[in-house]
Amino acid sequence: MSRSGHQAPAQQPLQVLDGQTGGAAAALRELPEALILVFDSELRFVLSAGQALGRGGRSPSSFHEGQSLAEAFPAEMWRQIEPLCRSALEGETRSRELWSTDGRRGLMVDVGPLCLEDSAPSANEPGALTGGVAVVLDISARAPRDPGELSSDPREHFELVFDQAPVGMGLLDQDGRWVLVNHALCEITGYTSTELIGKRFKDITHADYKSDLEPRRRLLAGEIATFQTELRYFNSVGETMAALLSISLARDQDGDPLHFIVQLQDISERKLLEEHLRHLADHDPLTGLRNRRLFEHDLKLQVGRCQRYGEQATLMVIDLDYFKQVNDLHGHKVGDEALRAVSRTLTRRLRTTDLVARLGGDEFAVLLPHMDREGSEHVAADLASVIAACTVDAGDAVVHLSGSVGFALIDNQARDNEQILVEADRAMYAAKRARASVARTR
């Protein structure tokens with residue numbers, strides 16, 4: 001039954017377009033690659049135009065009004081196309097590249113909504129969607145070929161390898177603008193080829209990327225054949241990514257420069273893993289603070305700055321009081337939570353420029369740049385006070401903590417970081433003895 005309510009003659013071929021759209025119909029009939037399919041709300045043909053798709057494809061003239069759209073495609077393709085068509089009936093426009101399971105048959109499908117001519121808008125449903133239109137392109141030629149099927153033309157081999165290379169590849173002119181990019185480069189950066197062509201390479205690189213003008217000059221001069229570096233770049237949504245960049249130079253038969261050949265490999269996951277491993281090596285796994293190894297390195301650098309530039313700084317060493325009793329009475333789980341509570345308290349109290357570390361056990365250290373004696377005495381008393389305010393829930397009891405704080409000043413007279421650590425440690429034990437003495441007299 002046609003949409004006007006009249007019975008269609010048996011096996012009557014679809015009329016592509018008629019009346020005032022006859023000129024468009026003539027053009028559609030001659031489409032060399034595309035197949036145009038108009039369908040109703042039941043995913044049945046209303047009209048079609050264009051050429052057969054791929055080897056063994058069917059011509060639009062072999063389809064008839066009322067036939068199922070599914071008959072136009074192999075079953076495995078239709079399973080992928082059907083959701084796109086149903087989305088069009090909901091008013092959506094969608095586009096997908098689809099491939100058969102063997103990778104030899106490929107289609108680019110664009111599907112969108114359509115108000116059919118014989119369903120004129122009414123007062124109740126102005127412009128109601130009653131169908132959709134699909135534009136289908138055969139892209140099977142982009143599928144990988146068997147070695148025996150490759151053309152003998154080496155230029156065709158290059159184009160095939162270039163476009164399907166798993167590494168991002170592109171050509172830059174001598175002004176650093178993209179003139180050719182492959183599919184992998186678009187995938188890595190998130191840009192389409194249209195967006196990249198004409199864009200300067202530096203426009204997507206992070207500000208910390210060192211200029212490659214000098215390596216490029218050496219390439220042009222023939223001093224080097226290629227150069228490689230790591231850099232950070234921005235993808236199409238503004239995220240910072242890491243990449244390994246390799247650049248070489250293509251020359252013509254006379255040796256004159258043509259283009260820079262760029263290879264870009266996304267190494268973001270590798271860099272995240274490296275950062276994670278570095279963090280594990282430099283930080284205490286329980287508290288997340290710096291460990292002794294990293295802190296001693298930072299202390300050594302600070303001592304060097306004080307010796308060379310006359311800076312002032314302070315090293316503080318903190319030891320929790322009676323911490324062994326916390327572990328013995330309440331268990332190591334409560335002891336671990338006490339250490340985490342102290343680490344959070346110290347981090348919140350101190351400046352962002354101050355460095356906090358867990359040296360081991362219940363001993364912490366703090367490095368305060370640009371700090372004099374008066375300021376150090378104030379901070380030491382304050383840290384002892386905030387630690388005393390720390391409590392830990394032990395289930396049947398609340399554990400109250402306390403700590404002893406000692407410090408050593410660092411100036412241009414400091415010998416080395418080991419000496420400073422010894423001085424701060426002695427000051428901490430002196431503070432601990434003084435606290436114990438006060439407790440005994442009470």
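**Strand pairing, helix packing and a buried aspartate**

Tutor: Leu 355 stands opposite Leu 367, a residue of E13. The model under discussion is predicted.

Student: What makes E12 and E13 a pair of strands?

Tutor: A pair requires at least two bridges between the strands.

Student: Which strands make up the open sheet, and in what order?

Tutor: The sheet has four strands in the order E12-E13-E11-E16, with antiparallel pairing. From one strand to the next, the twist averages 20°.

Student: Why are strand E12 (355-360) and strand E16 (403-410) called edge strands?

Tutor: Each of E12 and E16 pairs on one side only.

Student: Which helices lie across these strands?

Tutor: Helix H8 (residues 292-309) lies across strand E11 (313-320), E12, E13 and E16, and runs at about 30° to E13. Helix H11 (residues 373-388) lies across E11, E13 and E16, and runs at about 160° to E16.

Student: Where is Asp 284 placed?

Tutor: Asp 284 is in the loop between helix H7 (268-282) and H8.

Student: How do you know whether Asp 284 is buried or exposed?

Tutor: The term buried applies under 20% relative accessible area. Asp 284 has 11% relative accessibility, and therefore counts as buried.

Student: Which residues does Asp 284 touch, not counting those up to four places away in sequence?

Tutor: With that exclusion, Asp 284 touches Leu 289, Arg 290, Asn 291 and Arg 358.

Conventions. Residues are numbered from 1 along each chain as its sequence is written. This is a predicted model: local features need pLDDT of at least 70, side-chain atom pairs count only at pLDDT 80 or more; totals for chains, interfaces and linings use all residues. Side-chain values use heavy atoms; hydrogens and water are left out. Helices (H or I, at least four residues) and strands (E, at least two) are DSSP runs, numbered from the N terminus. Axes are lines fitted to C-alpha atoms, for helices over the stretch in contact, and angles run from 0 to 180 degrees between N-to-C directions. Contact means heavy atoms within 4.5 Å. Buried means under 20% relative accessible area, exposed over 50%, partly exposed in between (1.4 Å probe, protein chains only).
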